[in-house]
Structures are given as C-alpha cells and as structure tokens.
Amino acid sequence: MATVLVTGGAGFIGSHTCVELLAHGHDVIHFAARKAVGESVTIPLEYYHTNVGGTVTLLQAMLDHGVHRLVFSSSCSIYGDTGAGLLDESLPARPTNPYARSKWMCEQVIADAVVRRPELAAVALRYFDPAGAHPSGLLGEDPRGAVTNVFPLLVQVAAGRRERLQIFGGDYPTPDGTAVRDYVHVVEIADGHRIALDRLEPGMRVLNLGTGVGTSVRQLVAAFAQASGRPVPHDVVDRRPGDVAELVADTTLVQRKWGWRARLDVAAMCRDAWRFQQRHPEGYPG
Ligand SMILES: NC(=O)c1ccc[n+]([C@@H]2O[C@H](COP(=O)([O-])OP(=O)(O)OC[C@H]3O[C@@H](n4cnc5c(N)ncnc54)[C@H](O)[C@@H]3O)[C@@H](O)[C@H]2O)c1
C-alpha cells in the first residue's frame, strides 16, 4: 500500500522531513493552510504567502522528487455569492475574500502545472463545511487559539467552555435570515480522500464534497441543543466581512465519477461531536 504524505503540521511544508518523504515516492494530501475567512481580510498577504506560496513550493518539491499524485484541500468558498441554488463544479469562481481567492489560485496553479507536466495526477476536493467527529468519540476537533468555525464554537458553548455563540448576520436572504451552509460529516470527508487516492488519474479534476442539504445557523444551533440536551445561548450580531448567504453543493459529479455520496445528517454530526466533547472535556491534553 502506498504511503501518503499529509501536510498540515505547522512548519511542515518545504521542511526537511517533507522533502525526505517526497524523495521516497509518496502520494500527497495537502491540507496545510490558513483558513479563517475574517482573518484573511485583515492579513491577506499572509494568506497568499502560506496558501498559494506553500502550494507552489510543495508542487515544485513533488516534481523535483518524481512525486506525481496530489489530493488538494480546496473549498466551497471559491463559489462565492452566486445567487445560484446548488453549486456545481462548472460554475465560474466568484470568491469574496482572500482565503477563498487563495484556494482558487491554488487550483489554478495546480491546473497550470498539470498542463506542463501531464504525468501529474491531481484532484482538488472542494469541501463544503466539515463537521462532527469520529463516532467512537476518540478523534475530534480540539482547536487552539482563535476559533472561527461555527461548529467547534457551538460545542464549546454547549459544554459551558464559552458563554454564548455569536451568529454573524441575521439579515441574509435565507428563510430565517442566518447563513445557510452544507455541513458534511468529517468521516465522510475522510472517506472522500480514501477514494480520491484510489481513483487519482493523470490530469486535474475538481470535485465537490458536500451533502446537497443546506442548514441555517439557527437550525444548526437547534440541532446541537437537541443532540446535547444543553441550551446553546446565542446572539445575532453583524455580518462578518467576506461571508456569503448560502453555499450548498451539487454532488452529482462526485457521485457519478466516484460513487461517493454523503449519507450522514446534521443530527449525526452533532451527536458525534458531542460524544467527543464528553469524552474529552478539556480537549486532548485533558
Ligand atoms: N474546516 C473547514 O471548514 C474547511 C472547509 C473547506 C476547506 N478546508 C481546508 O481543509 C484544510 C484543513 O482544514 P482544517 O479545518 O483541518 O484546518 P486546520 O487549521 O485544523 O488545519 C490546517 C493546518 O495547516 C497548518 N499550517 C498552516 N500554515 C502552515 C504552513 N505554513 N506550513 C505548514 N503547515 C501549516 C496548521 O498548523 C494546521 O495544522 C485546509 O486547507 C482548509 O483550507 C477546511
């Protein structure tokens, strides 16, 4: 079985270990990135440096060492404010913030490299909103520093580790005014990567990983309160710069090409994230 180099530990891209591993002919899954939309508006150059620069460095290192298989963590934020219903891969990109633009640029960098080096086999997986934890309760999210994704914030509020959840924007053109996202279980995202490694072929492909089901932040809060049996106190505050009203996947292409289909719903994501929280009340150090 092939060994896979996974980027994502701080300082790993371009490091000695990374190049050593590449030298042994591994596949690469490139997760490493800065990923906070709001922060990217404040420090855009850092985002381009890490996300785009890191991807260029990694691709160069791969080519230098005869490594040709790449799975790239892309993002649905690339679609931006389309006003469309379900988002399919043929839509033009309209990123609305530097984070999303950096992911779009990375996709273009990879596509250009593939034109020049047709032996490269790459796929950009456009994740929608990964959420949840492994159902065993052993593996889950334990973010350090500023937490910007709504799901881990919800968990922390329900657990009493934070007082209240801030919901950014209550005046979006959505049924309840809060932003709608397509939450997809992390286990199914992981499965998408396993299939990607099995199915990589020369050239570049772009595929959505989502469920096709939209959930508003208010609906998510209600689902989490139900799963945890705990209240989730919250306030609706101003919109966050760079955010869009709605992002929901059209998953036709990935179903057709790979037979990948997400089946777990938001209730399962909430249940599994809460189980991890209960088993690890203080995160991993605890
Ligand atoms: N979580 C989401 O909602 C979401 C959605 C779409 C796409 N993605 C993408 O998925 C990937 C993983 O996201 P995540 O949610 O696990 O985020 P994360 O912040 O937990 O993981 C990103 C990792 O990249 C590392 N990193 C940052 N800069 C680096 C650098 N210069 N060199 C080496 N490592 C560096 C960080 O230390 C971190 O471990 C990212 O590329 C992100 O853009 C995430």
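First, the ground rules. This is a predicted model, where local features need pLDDT of at least 70, side-chain atom pairs count only at pLDDT 80 or more, and totals for chains, interfaces and linings use all residues. Residues are numbered from 1 along each chain as its sequence is written. Helices (H or I, at least four residues) and strands (E, at least two) are DSSP runs, numbered from the N terminus.

Start with α4, residues 98–116. Its 19 residues should span 27 Å at 1.5 Å a residue, and the end C-alpha atoms are 27 Å apart, which agrees. The expected span is 1.5 Å times one less than the number of residues. Which residues of α4 are buried? Among them are Y99, W104, C106, I110 and V114. Buried means 20 or more other C-beta atoms within 10 Å of a residue's own; exposed means 12 or fewer; partly exposed is in between; C-beta atoms are placed from the backbone. The buried residues of α4 pack against α2, α3, β3, β4 and β9.

Now α3 against α4. Their axes are 9 Å apart, at an angle of about 20°. That makes the two helices, α3 and α4, roughly parallel. Axes are lines fitted to C-alpha atoms, for helices over the stretch in contact, and angles run from 0 to 180 degrees between N-to-C directions. Under 35 degrees is roughly parallel, over 145 roughly antiparallel, 65 to 115 roughly perpendicular, and the rest oblique. In α3, the residues that meet α4 include Y47, N51 and L59. Contact means C-beta atoms, placed from the backbone, within 7 Å.

Next pair: α5 and α7. These axes come within 11 Å and cross at roughly 40°. The two helices, α5 and α7, are therefore oblique to each other. V150, L154 and A158 in α5 meet V217, L220, V221, F224 and S228 in α7.

Helix α9 has 14 residues, 266–279, and reaches 20 Å from first C-alpha to last, close to the 20 Å expected. Its buried residues include D272, W274 and F276.

H134 sits between β5 and α5. It touches L139, G140, V187 and D272, not counting residues up to four places away in sequence. Is H134 buried, exposed or partly exposed? H134 is partly exposed, with 15 other C-beta atoms within 10 Å.

Notes: Contact = placed C-beta atoms within 7 Å.
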